[in-house]
Amino acid sequence: MLTRAVRPAFKAGQTAAVLRPAVTATPIVSSANYATLREIEQRLKSIRNIEKITRTMKIVASTKLTRAQRAMTSSRAYGSTSNTVFEEAETAPIDVEGGKKTLLVVCSSDKGLCGGIHSGVTRGVRRLMNDTPGDYNLVVIGEKSKAQLSRSNPKDMVLSFAGIGKDVPTFTDAQAIADQISLLPGDYSSVKIMYNKFINAQSYEATVVEAFSEEAIAASPNFAAFEIDDEVLANLREYSLANALYWALAEGHACEQSARRNAMDNASKNAGDMITRFQILFNRTRQAVITNELVDIVTGANASEG
């Protein structure tokens, strides 16, 4: 049997043994929870900053889309005029002869963050080259499609352009591109332009338009009705090519701005959903930390009283 002098010492030792694990474990749990709270708070801050950026980019794209649609409307006058001439002349692409290739002009841009608009054009080019037999050469406008096509068709690329699409395309840009294309040494039986056709603010599709060669224009059944001299036939062909390029570039630019606005809108909505989820997680984690601290305080108080 223990004496009275020994009992207080035993109780003190027992109390110390009970309190020691609680005192040792409490800082570890709290530091882990507080670290988690800090990580969640930093993540929330990052997502909020991203949401501000995407909302701003959406507003900028909406403003640019209005300008791009006006330019697209004016460019259609150029393309429709050329189409009217070729329709009345009954111009048709000539059959590919031996040794002659088909020149395919791909219209894209240098900027991203606009969904899969550039990938759609690239897929259209590959599908056209696989479905339609023939030997193709590629002229690529824009770094995005150039980077994608250089992985699959590097030997077919004969000319590329960069810096197009930073602003609303103009007829001067299209004329400069047409001049460089006309200087290519190859003799092409057909010239095609692949671009994104603007359907509405939510949809677009990759479309091919024919830019007829000199041989095709001269072989038109009703071409003689226009009384055009053979000396200016090359100028007519280059001018019609510039018209078609201007039309394609303006349509593609409007599609790009529309796709960028939609992409930034979706990104803003996704960021808002992530902010909601992380805010709920932050509140629950903070409540758990407070509950654990209260449990530790109560446990320590009860042990002290004992």
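Biologist: Which residues line the second largest cavity?

Modeller: Gly79, Ser82, Asn83, Phe86, Val209, Glu210, Ala211, Phe212, Ser240, Asn243, Ala244 and Trp247 line the second largest cavity. On a 1 Å grid over the protein atoms alone, a cavity is a set of points where a 1.4 Å probe fits but cannot get out, and lining residues have an atom within 4 Å of a point. This is a predicted model, where local features need pLDDT of at least 70 and side-chain atom pairs count only at pLDDT 80 or more, while totals for chains, interfaces and linings use all residues. Residues are numbered from 1 along each chain as its sequence is written, and side-chain values use heavy atoms, with hydrogens and water left out.

Biologist: How much space lies in the second largest cavity, and how much in the largest?

Modeller: About 70 Å³ in the second largest cavity and about 110 Å³ in the largest. A volume here is the space filled by probe spheres set on the points, with grid points joined across faces, edges and corners. The count of cavities of 30 Å³ or more is two.

Biologist: What lies nearest the centre of the largest cavity?

Modeller: Ser108, Ser109, Gly252, His253 and Glu256, out of 14 lining residues. H6 gives the largest share of that lining, five residues.

Biologist: Is Glu256 buried or exposed?

Modeller: Glu256 is buried, at 3% relative accessible area. Buried means under 20%, exposed over 50%, and partly exposed in between (1.4 Å probe, protein chains only).

Biologist: Which residue does Glu256 form a salt bridge with?

Modeller: Arg260, with the closest N and O atoms 2.9 Å apart. A salt bridge is a side-chain nitrogen of Lys or Arg within 4 Å of a carboxyl oxygen of Asp or Glu. Glu256 and Arg260 are four residues apart in helix H6, so about one helical turn separates them. Arg260 is also buried, at 9%.

Biologist: How many salt bridges are there by this rule?

Modeller: Eight salt bridges. One of them joins Lys58 and Asp265, with the closest N and O atoms 3.1 Å apart. Lys58 lies in helix H1 and Asp265 in helix H6, so the pair ties together parts that are 207 residues apart in sequence. Lys58, Asp265 and Lys269 are linked in a network of salt bridges.

Biologist: Moving to the rings, how many aromatic pairs does the structure hold?

Modeller: The structure holds five aromatic pairs. Rings of Phe, Tyr and Trp (its six-membered ring) pair if their centres lie within 6.5 Å; planes under 30 degrees apart count as stacked, over 60 as edge-to-face and the rest as tilted. Tyr78 and Phe171 have ring centres 5.3 Å apart and planes at 25 degrees, so this pair is stacked. Tyr78 lies in helix H1 (residues 6-89) and Phe171 in helix H4 (residues 171-182), so the pair ties together parts 93 residues apart in sequence.

Biologist: Which residues form one aromatic cluster?

Modeller: Tyr78, Phe171, Tyr239 and Tyr246. Tyr78 is partly exposed at 31%, and Phe171 is partly exposed at 22%.

Methods
Helix = DSSP H or I, 4+ residues; strand = E, 2+ residues; numbered from the N terminus. 1 Å grid on protein atoms, 1.4 Å probe; cavity = no way out; pocket = protein on both sides within 12 Å on 5 of 7 lines; lining within 4 Å.
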